[in-house]
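This briefing is meant for someone meeting the structure for the first time. Please look over the sequence and the model before reading the points that follow.

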Amino acid sequence: MAASVETVEKVQSLGERYKHGFVTDIEMETAPKGLSEDTVRFISAKKNEPEWLLEWRLKAFRHWLEMPEPQWAKVDFPPIDYQDAYYFAAPKSDDDKPKSLDEVDPKLLETYEKLGIPLREQEMLAGVAVDAVFDSVSVATTFKKKLEEAGVIFCSISEAVQKHPELVQKYLGSVVPAADNKHACLNSAVFTDGSFVYIPKGVRCPMELSTYFRINAENTGQFERTLIIADEGSYVSYLEGCTAPMRDENQLHAAVVELIALDDAEIKYSTVQNWYPGDENGVGGIYNFVTKRGLCAGRNSKISWTQVETGSAITWKYPSCILKGDNSVGEFYSIAITNNMQQADTGTKMIHLGRNTRSRIISKGIAAGRSAQTYRGLVSLGGGAENARNHTQCDSLLIGDRCAAHTVPYIVSKNRSANLEHEATTSRISEDQLFYCRQRGIGEEDAVALVVNGFCREVLQQLPMEFAVEAQKLVGISLEGSVG
Amino acid sequence: MATEALTVSEIEGRWRDLAGTLPGAGIDWLDDFRAQGLEQFRASGLPGPRLESWKYTNLPRALRDRSYTPAATAQRTSLDRVASLLPAESTRLRLVFLDGRFSAEHSQLADLPEGVTLAPLSRVLRDAPQRLEGLLQAADYDRERALQALNDALFDEGLLLSVSSGIQLDTPVEVIFVGGTSDEAVESHQRLVVSIGRGAEATLVEHHQSVGSGNGLLNLVSDIHVAAGAGLTHLRVQETGDESVHLAGTHLQLERDARYRSLAFTSGAALSRHEIDATLLGENADVTLDGAYLLRGRQHGDTTSVIRHTVPHTSARQTYKGALDDRARGVFQGRIVVEQDAQKTDGRMLNKTLLLSEKAEIDSKPELEIFADDVQCAHGATAGELDADALFYLRSRGLSQEGARALLVEAFVAELIEDFPVEALRPALLERLQHWLLGTS
């Protein structure tokens, strides 16, 4: 599936503006176009899955058929033709997975290099294990041995289905059920790969776990499924970063991420999302419809979401925490940047069920160009959430007079002893601050990037260091062309 | 004639029986207006919890197994006196409605100053219907506004207050709606039309009360227009009986340099909902919407407002505070919309709720919808119980637990009352607040 001459030219003409836009030419073994029970069966058979999983997928598929598309988000796009896409694409070397990096298709390695993820270097320098997902099947997993020594299971979800079926069966769908919402149902029916992490009791994961997602084949929706289980007293920090090649057709990305933290466990989940956002006129770009949810199942558990959302034509994403265990803590730190014609409807849900549960929401939205973004969040304090606490802060910054920023918080309190505070502000980038920077000889775009980075600082600080650097650069790149 | 409340088929039946007898029937523009309202209600039906702005208020469930007699056919008993919020000496302009019917006996219209029209709608539509033309705002075609469409179709009483340009009306205009004056449960659809001319000033006191538990249903729509440079101060007290259903919708329009300030004090009704749609049409228009809600038992009180900034340099303030006891449920949905041209908008919104019992619930949704960049907008919301330290402090000074709680709640709500600019009305409001607190366990 070669990149058309047109695409190549376009990419070249765009130059630096979107560094990660290119298509790698690798043979695919794809499922027939369209979505039906047969597609689901094909995927399940291809992955050699047990009967229960096929049943589970089919159940989700049947729900998906009946379920209406969610209409409440402030995003606008033509109806998706689910039959006009491929639901399974795997690099050819599927049956014979490489045992080490040397066996990895050099073209893949080249792709990662362009993305700035030199695997071998990372092995040594960054101390990060990378479960790199190229389209749908994991092709390289590093640092496995070191993790194995600690007892940490970090593998692709397909591998986990084969090797640790008891864990997968117990937890898959326990936080995001098969019939949760239309996009999650689709994912449950046709998910092809993703990551699986299990941290055993009392283990502090020796390194940051990281997966780079990447959409490659044209017309292939990406349906990643991530399942992370932190057993009692364990800790894990998980990094997810995304880039996608340039193309001129909208692509659907419906991922599901489930986190489970048992007693005293902590999961930190960080995302930098930089899917292709479409061009200046809103042509192309990824539809990023993601369901992310964490369950603080145990006492004193903690789940923390940090996200930097700069990409995608449309983002529909609400990483949530269900604070079930007493004293559990949920956190959500978010930066969402939209430029040109991008649309983002994102936020979080903090559902307090247990006693003394606490949650914190810091959301920074930056809208530029003709983009529109919405913070949409729910804070629910249930009747049993004695002494629960929530603090929410949502700030929006507007750059240019044709963008829009909305804030739609839902606040439900059914408990007297629970305390919640919500604050939101919307304003434009300060002329005084810009003037000050310009006066000191800083270019206009750099000045905007500087001010915006300051605005986002609270969130950027939450990111692991190697991510924070990347994220700061991204903030600048995302806003290019928004001033002047 | 007991029927199920407010179903489309019931309303259609009512329309067939009553359309010819509604006040103003036969006037072309009004007939069209009503027909359009009916058409919209027929298309949407009673708004249910599947609609976004009705998510927290289940009206069909509240109306299940209830039935009402239309105001036109209900029998009323006599009523000795009505409660007033104003000191006796300043009640010179007053209109009283008993379950949807004008009561000349209780009203006072003798000293109407020059340039001020104040009359029941039934009379205006009989004597000078042209005065209303252009003042009624049709409900937007929106399923969430179905009650206003219903009112468009069926309203049969209400009042017109019109203040001509430049008139400073010093006397507050008092409008009292009394429910429960009939042995039957009465359903009434009324309209409150207010037009304040250029540079004029007026104060309106809207007071909803009941005899006994007041098991009626009121669907009231207000059309308020404040012209350039004019000002309106509006107190709205809703303390109807705990069996009543109170549904109100306010269309508010402000021209250039116009000011509107309101305080909505809500302590009544089994279920109440107040929808406010305020539009700032002229530069430098300024709106303040304040509200206090005090609910207990199984009361449900909903305030849903939209403030639209359509032009540059307008400002809006909204502060709603309340205390919820027992199993009461409060709903606050406030939205500030800043349109693309509305640069330099200043918008602030705050919702604070005290939960006084284990089972009380607040659903708060303060929204910002902003399409212009040079704006300052903020909203905030808090919910929680009384501050333990403050309670302890008062207890350490010898106050009883109940006394300390009451004092703190009073201070929390009294702030809004003290900010209200009409001093003569504050004592009555504080008295109501204290009275409510005495009933708190």
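Predicted model: local features only at pLDDT ≥ 70, side-chain atom pairs only at ≥ 80, totals over all residues.

Two strands are taken to pair if DSSP finds at least two bridges between them. With that in mind, Val329(A) stands opposite Arg358(A) in β20(A).

**Strands within chain A**

- Strand β17 of chain A, residues 329-338, has 9 of its 10 residues buried, and it is therefore largely enclosed by the rest of the structure.
- β17(A) runs parallel to strand β20 of chain A, residues 358-368, and the two are joined by 10 bridges.
- β17(A) also runs parallel to strand β14 of chain A, residues 302-309, to which 8 bridges join it, and here Lys302(A) stands opposite Val329(A).

**The contact of chain A with chain B**

- Chain A gives 30 residues to this contact and chain B gives 31 residues.
- On the side of chain A that touches chain B, at least two residues come from each of β22 (389-399), β23 (404-413) and β24 (419-428) of chain A.
- That side of chain A is made up, by class, of 14 nonpolar, 10 polar and 6 charged residues.
- β24(A) pairs with strand β20 of chain B, residues 376-384, in the antiparallel sense over 8 bridges, and Leu420(A) stands opposite Ala383(B) in β20(B).

**A helix pair in chain B**

- Helix α2 of chain B, residues 28-44, packs with helix α5 of chain B, residues 146-154, at an angle of about 145°, and their axes are 7 Å apart.
- The crossing that α2(B) and α5(B) make is left-handed.
- Among the residues that meet are Phe33(B), Leu38(B) and Phe41(B) in α2(B), with Ala149(B), Leu150(B) and Ala153(B) among those in α5(B).
- The contact of α2(B) with α5(B) comprises 7 nonpolar, 4 polar and 2 charged residues.

**The domains of chain B**

- Chain B is divided into domain 1, which covers 8-71 + 84-282, and domain 2, which covers 391-441.
- The C-alpha centres of these two domains of chain B lie 30 Å apart, and their contact takes 14 residues from domain 1 and 10 residues from domain 2.
- On the domain 1 side of that contact, β8 (201-210), β10 (231-239) and β12 (259-266) of chain B are the elements that give two or more residues.
- The residues on that side of domain 1 of chain B divide into 8 nonpolar, 4 polar and 2 charged.

Terms used. Residues numbered from 1 in each chain as written. Chains lettered and ligands numbered in written order. Contact = placed C-beta atoms within 7 Å. Helix = DSSP H or I, 4+ residues; strand = E, 2+ residues; numbered from the N terminus. Nonpolar A, V, L, I, M, F, W, Y, C, P; charged D, E, K, R; others polar. Axes fitted to C-alpha atoms, helices over the stretch in contact; angles between N-to-C directions. Left-handed = near helix turned anticlockwise from the far one by under 90°. Buried ≥ 20, exposed ≤ 12 C-beta atoms within 10 Å, placed from the backbone. Domains from an automatic or database assignment.
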